[in-house]
Amino acid sequence: MSAARVELGLDDDRLPLIATIGNPNTGKSTLFNLLTGLRQKVGNYPGVTVERHVGETTLGGRRAQLVDLPGAYSLSAHSPDEMVAVDVLLGRIADLGRPDAVVVVVDASNLRRNLYIASQVLELGIPVVVALNMVDLAESRGIRISAEMLAQRLACPVVPLVASKGVGIDALKSTLAETLTSNPVPFVSFSTTIRMAAAALVRELAPAGEPLEPYEVERALIDEGGYAETRLQQRFGAAAKSALARVRVELGTAGSLAALDARARYAWINQAVDAVETRGAARTTASDRIDRSVGHPVLGSLLFLLLMAAVFQSVFAWAAPLMDLIDGAAGATSDWIKTTLPPGAIASLLADGVVAGVGSVVVFLPQILILFAFIIFLEDSGYMARAAFLMDRLMRWCGLSGQSFIPMLSSFACAVPGIMGTRVIADPRDRLATILAAPFMTCSARLPVYALLISAFVPTRSYLGGLVNLQGLVLLGLYLLGIAGGVLTAFLLKRSLLRGPTPPFLMELPPYRVPNLKAVLYRMWERARMFLVRAGTIIFTVAIVVWALAYFPHWGSTTERFAAERAQAAQTLSGGELDAASADIDHREAATHLEESLLGHIGRAVAPVFHPLGWDWKISAAVLASFPAREVVIAVLGTIYAVGADVDAENPGLVARIRASQWPDGSRVFSLAVALGLMVFYAFCLQCAATVATIRRETNSWRWPAFAWVYMTLLGYLSAFIVYRLAS
Amino acid sequence: MTLDQLQPNHRGRVTALTAPAGLLQRLMQFGLLEGTEIECVRRAPAGDPIEFRLLGYALSLRRDEARFVQVEAQP
């Protein structure tokens, strides 16, 4: 063991741990990225979907581990984010241990509110360094702060910084290195009576050896109805509840302990800030000027609509060529495999299972990247909070808040990034309701299905001199149907399963700033990786399973029969005729294999279930096969109707064959009623393994994806039944 | 008067808070305490929520939250 490590009292395999904490919008993440470079690991804390960023840095030649805590306004935990912050600071996260030092990042232009959480961290008995960030912004507003005097007041080192420009980082590092090796931590407490009462309660509640810190009890006493109180009740039962109530009375304060605590902190903060801060004449900043036009009721709303239209359009339009490219590459690869390898199960597994499976995952990547570029840009520029401000009243109508708007809008492109984007929603119930409503929005994978069915069954009729046509109206109707489904789902959930008190919607509207390009790119990459790794594994597995169902048993006799037909054609035909004939044989062979496959058998077995909707076994099998990815239905229908697997929605051959398909008694399978029912089924049903996998990841349990799947499938079935009956 | 009645571009000083426990703590953490000076910046197009300026930053509050804050008008 080195001398320094002995001084630190650390064993050899544990690096000193430094936590960074602070209000949102203080440049905390920028600072964390600067300190760790890109050597960081992103994951989740156990049991909750709070993102965990851990990285490494070197301080005075020694390595140290850094953990970036979620942005928080206080340690009074009323959200999972804030509880995680408390847990890390108390050393409750097993593989992290207790931090050896804490960096509290504060915004110099907004010192008072930022020092609130600093006052709470100072009480924990861990060495603290205050990073006084954005001193340039403060100075542009005529605010000057003496770091030395502030350090005296807070009894901890204060380092002025401009993290966005890298100014002050070296000073912060050397201060941290010193802090790790020295410094007895001064005792700070804003209410010694509460602390003593908390210590007494620990002795009363916790049996010997049970880990319970006075700080946790102190938080539970002060934060009535918060996470700390709930957790204490979970651990020690009703005894904890009554003991907390008793002690609150014993402390005999006129108002609530929370108000007393907050007043004491702000009194201390105001005294300190009055002494260390000087304010010159306030100048109008660029942010104020932007705010005047963006905040204008008419101009601002127009700008908002334009921006949202741009987001929506670009996710659709810009992503399309890239998605086609990926699709094309996947298609070419599987063709190449089929021509290179001898035909058989292995070639099919690689081409139709692996490549097609990987392709169906990767094809979402362009949309995810483009959408997240927008979301991250809007967030980092400060506009996101304004959008939530504008939309709050409207979203409250279905029981949500303005923060749910962007994730919902995103879901029109693809529910996967939309659901991933719900992390901006502070309230867990609102977030869950948004996650469950998002898959109803008409995503881009529903579009080809709608396009095929509309072009096949909705007549081309136009009204108002060609301005409006019936096919477009049906498409619009399907979009509105999706919105109605989502809004009603959120509305009902917020009044039943997710009922609870309306969470306070106190939201800071941060000043506008120019986002840092490197940070935007890095966060985009993080999202993409998260999606590929987590969702990818599940989608991939499902794709292989569906492939196997559609491939096996693959009778040799069938293959031989078509081989014989092919040989005969080669003898009797030549040139263009032969090509046409062998293409036809290929398609019929594929269709026969599919009919004989497990999927074909399953399709026939479940056909009675779908009979009330007017579906035959072919539609049933195609719908079943498209549960992993709804747009697959077109390819499966193509195979079943033996036009060839590489059909697209505009393919008139498929449209013609679908129209012509018959029941055994000779009547048409597809009527307008069946087609409308099928479209409604696709509007509601959760046929997307990527979405299921993302809900699983974002809610950290299988309960909610299972609920969403059952609920949406039943809703789709019932609605399709009603539409079919009404229309026929 | 209560904070939700404060007109845009008008200033007030907080005199009392009447919110229930959870909201009270939240409001206070954001710096809304007796004596704090606060300015109404603008209302959202639907009249709700409302943007305020206090302690050098901008905060959005819903009407249902702002009405728990008593203010006296300031020049």
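At what angle do helix α21 (residues 428-437) and helix α23 (residues 470-495) of chain A pack? In this predicted model, the two helices meet at about 145 degrees, and their axes lie 8 Å apart. The crossing of α21(A) past α23(A) is right-handed. On the α21(A) side, the residues involved are Ala433(A), Thr434(A), Leu436(A) and Ala437(A), and they meet Gly486(A), Thr489(A), Ala490(A), Leu493(A) and Lys494(A) of α23(A). Sorted by class, that contact holds 5 nonpolar, 3 polar and 1 charged residues.

Now for the part where chains A and B come together. Six strands form an open sheet in the order β12(A)-β4(B)-β3(B)-β2(B)-β1(B)-β5(B), and the pairing is antiparallel. The edges are β12 (507-509) of chain A and β5 (69-74) of chain B, each of which pairs on one side only. From one strand to the next, the twist averages 40 degrees. As background, strands of a sheet pair through backbone hydrogen bonds, either parallel or antiparallel.

| Strand pair | Sense | Bridges | A facing pair of residues |
|---|---|---|---|
| β1(B) and β2(B) | antiparallel | 3 bridges | Arg11(B) and Glu39(B) |
| β12(A) and β4(B) | antiparallel | 3 bridges | Leu509(A) and Ala58(B) |

Within chain B, then, β1 (residues 11-17) runs antiparallel to β2 (residues 37-43), with Arg11(B) standing opposite Glu39(B). Across the chain boundary, β12(A) joins β4(B), and Leu509(A) has Ala58(B) as its bridge partner there.

A helix from chain A also takes part: α18 (residues 383-396) lies across β12(A) as well as β3 (50-54) and β4 (57-61) of chain B. The helix runs at about 125 degrees to β12(A).

**The side of chain B that touches chain A**

Counting contacts, 27 residues of chain B meet 30 residues of chain A. Both α1 (21-29) and β4 of chain B supply at least two residues each to the touching side of chain B. Which element gives the largest share? That would be α1(B), with 8 residues. The make-up of this side of chain B is 15 nonpolar, 6 polar and 6 charged residues.

**Chain B by itself**

Chain B has 2 helices and 5 strands, laid out along the sequence as β-α-β-β-β-α-β. Its radius of gyration is 11 Å, which agrees with the value near 11 Å for a compact globule of 75 residues. The C-alpha trace of chain B spans about 30 × 25 × 25 Å along its principal axes. As for burial, 44% of its 75 residues count as buried. If you look at contacts in chain B between residues at least 6 apart in sequence, 57% of them join residues at least 24 apart.

**A glycine in chain A**

Back in chain A, Gly168(A) sits in the loop between β8 (158-160) and α7 (169-181). Is Gly168(A) buried or exposed? Gly168(A) counts as buried because there are 20 C-beta neighbours inside 10 Å, and the cut-off for buried is 20 or more. Leaving out residues up to four places away in sequence, Gly168(A) touches Val159(A), Pro160(A), Leu161(A) and Val162(A). Val424(A) is 256 residues away from Gly168(A) along the chain, and their C-alpha atoms are separated by 30 Å.

Methods:
Residues numbered from 1 in each chain as written. Chains lettered and ligands numbered in written order. Predicted model: local features only at pLDDT ≥ 70, side-chain atom pairs only at ≥ 80, totals over all residues. Pairing = 2+ DSSP bridges. Helix = DSSP H or I, 4+ residues; strand = E, 2+ residues; numbered from the N terminus. Axes fitted to C-alpha atoms, helices over the stretch in contact; angles between N-to-C directions. Contact = placed C-beta atoms within 7 Å. Nonpolar A, V, L, I, M, F, W, Y, C, P; charged D, E, K, R; others polar. Rg over C-alpha atoms; globule rule 2.2 N^0.38 Å. Buried ≥ 20, exposed ≤ 12 C-beta atoms within 10 Å, placed from the backbone. Left-handed = near helix turned anticlockwise from the far one by under 90°.
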